[in-house]
Amino acid sequence: MHPPRHAKVTKRGLALVSELATCLRSPSFEPGAPFNFMQHKIMVVDDEADVIDMLVINLRAAGFQVIAVEDGATALAKARNESPSLIILDLMLPRMPGLEICKVLKSDIATRHIPVIMLTAKAEEVDKIVGLE
C-alpha cells in the first residue's frame with residue numbers, strides 16, 4: 001500500500017461513501033436504524049496509487065474496512081478469500097483488464113454475489129454498454 005500523498009477526505013468522497021452505505025443496506029434495513037459500516041469490507045482495485053489513496057482514505061473515514069489491491073490476479077484471490085461486500089474495480093488495469101476480472105468474478109460461484117462498481121475514465125456509450133454486459 002502506498003502512503004497517502006495529497007489524498008484527503010473530500011465532499012465528493014463522502015458523497016460516494018454515503019451512496020455505498022445505501023447500496024450495502026439489506027432489504028430489511030429500517031430507515032433511521034444504525035448502520036454498522038465496520039461489518040462491510042470494500043475492495044478497491046486500481047493500479048493508480050492516487051486513486052487508491054483517495055478511495056481508501058474516504059472509505060476508512062466513513063468506517064468501512066478496506067482491502068486495496070493493484071492488480072487483477074491479487075484481486076481475484078482476495079475476493080475469494082476475503083469475500084468483500086463490494087468491489088470497486090478499475091476497467092483499465094495492466095495485464096488483466098477490469099472487464100476480464102469482472103467476468104471471472106461473476107462466473108465463480110464463490111464471488112458471483114459480490115456487487116461490482118466499475119471505475120473508469122472511459123465515457124463513450126459503447127464502453128458503458130460493454131460494462132453492463
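Student: Which residue of strand 2 does valine 45 stand opposite?

Tutor: Valine 45 faces valine 69 there. This is a predicted model, where local features need pLDDT of at least 70, side-chain atom pairs count only at pLDDT 80 or more, and totals for chains, interfaces and linings use all residues. Residues are numbered from 1 along each chain as its sequence is written, and side-chain values use heavy atoms, with hydrogens and water left out.

Student: What makes strand 1 and strand 2 a pair?

Tutor: Two strands pair if DSSP finds at least two bridges between them. Strand 1 (residues 41–45) is joined to strand 2 by 5 bridges, so they count as paired, and they run parallel. The strands themselves are DSSP runs (E, at least two residues), while helices are H or I runs of at least four, all numbered from the N terminus.

Student: In what order do the 4 strands of the open sheet come?

Tutor: The order is 2-1-3-4, with parallel pairing. Strand 2 (65–69) and strand 4 are the edges: each has a single partner strand, so one side of each lacks a neighbour in the sheet.

Student: Why is threonine 111 called buried?

Tutor: Buried means under 20% relative accessible area, exposed means over 50%, and partly exposed is in between (1.4 Å probe, protein chains only). Threonine 111 has 1% relative accessibility, so it counts as buried. You'll find threonine 111 in the loop between helix 4 and strand 4.

Student: How do you know that the buried residues of helix 4 are on the same side?

Tutor: In helix 4 (residues 98–107), the buried ones are Gly98, Ile101, Cys102 and Leu105. They span an arc of only 100° around the axis, which places them on the same side of helix 4. That arc is taken from the directions from the helix axis to the C-beta atoms. Lys103 and Ser107, on the other side of helix 4, are exposed.

Student: What covers the buried residues of helix 4?

Tutor: The cover includes helix 3 (72–82), strand 3 (86–90) and strand 4 (116–119), going by contact (heavy atoms within 4.5 Å).
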